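Visitor: I would like to learn how to read charged side chains in a model. Where do we start?

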Amino acid sequence: MGVPVGSAAPPESEQQLEDTAAVPAGLLFPGDRTGHMSVRYLMDRFRLAREAAGRPDLTIHHLRHTALTIAGQHGATAAEFQARAGGHASQAAMAIYQHATLDRDKSLGEKIGTTYEPWQASRP
């Protein structure tokens, strides 16, 4: 199952799609021999990528957590979380990924504040 990324996909992904996923069931990141990527194949490449990024501490779970947290910050519904999380997003998991961040809390406070002035002005 694919996960839409919208316009955030880097330009290089267009060429990757043409090279590896030209058909609807094509794989964006195929494995070396069998089509589907094995865990070892993925982890070998992931280790290289995180070292190149200067983040040897990153895990695959960190990437998943970040992606689902961002989805929560943008208002993902329970059904959307389940779809993105692979169908096993419990209420507890959704609470983890919808945790508050300082920036988001500040943004919500500002939005709430904009409703106060009109309300105050409308009072007799």
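Guide: We start with helices: helices (H or I, at least four residues) and strands (E, at least two) are DSSP runs, numbered from the N terminus. The model is predicted, so local features need pLDDT of at least 70 and side-chain atom pairs count only at pLDDT 80 or more, while totals for chains, interfaces and linings use all residues. Residues are numbered from 1 along each chain as its sequence is written, and side-chain values use heavy atoms, with hydrogens and water left out.

Visitor: How many helices and strands are there in the protein chain?

Guide: The protein chain has six helices and zero strands.

Visitor: What is a salt bridge?

Guide: Side chains of opposite charge can pair when their charged atoms come close. A salt bridge is a side-chain nitrogen of Lys or Arg within 4 Å of a carboxyl oxygen of Asp or Glu. By this rule the count is three.

Visitor: Which residues are linked in a network of salt bridges?

Guide: The network links R40, D44 and R47. R40 and D44 form a salt bridge, with their closest N and O atoms 3.8 Å apart. The two are four residues apart in helix α2, so about one helical turn separates them. R47 also forms a salt bridge with D44, at 3.2 Å between the closest N and O atoms. R47 and D44 are three residues apart in helix α2, about one turn of the helix.

Visitor: Is R40 buried or exposed?

Guide: Buried means under 20% relative accessible area, exposed over 50%, and partly exposed in between (1.4 Å probe, protein chains only). R40 counts as exposed because its relative accessibility is 66%. D44, at 30%, counts as partly exposed, and R47, at 40%, also counts as partly exposed.

Visitor: Which residue forms a salt bridge with R55?

Guide: R55 pairs with D57, and their closest N and O atoms are 2.7 Å apart. R55 is partly exposed at 39% relative accessibility, as is D57 at 43%.

Visitor: How far is R50 from the nearest side chain of opposite charge?

Guide: For charge, Lys and Arg count as positive and Asp and Glu as negative; His and the chain ends are not counted. R50, in helix α2 (residues 39-52), is buried and has no salt bridge; E51, the nearest side chain of opposite charge, is 4.8 Å away. Contact means heavy atoms within 4.5 Å. Leaving out residues up to four places away in sequence, R50 touches R55, P56 and L58.
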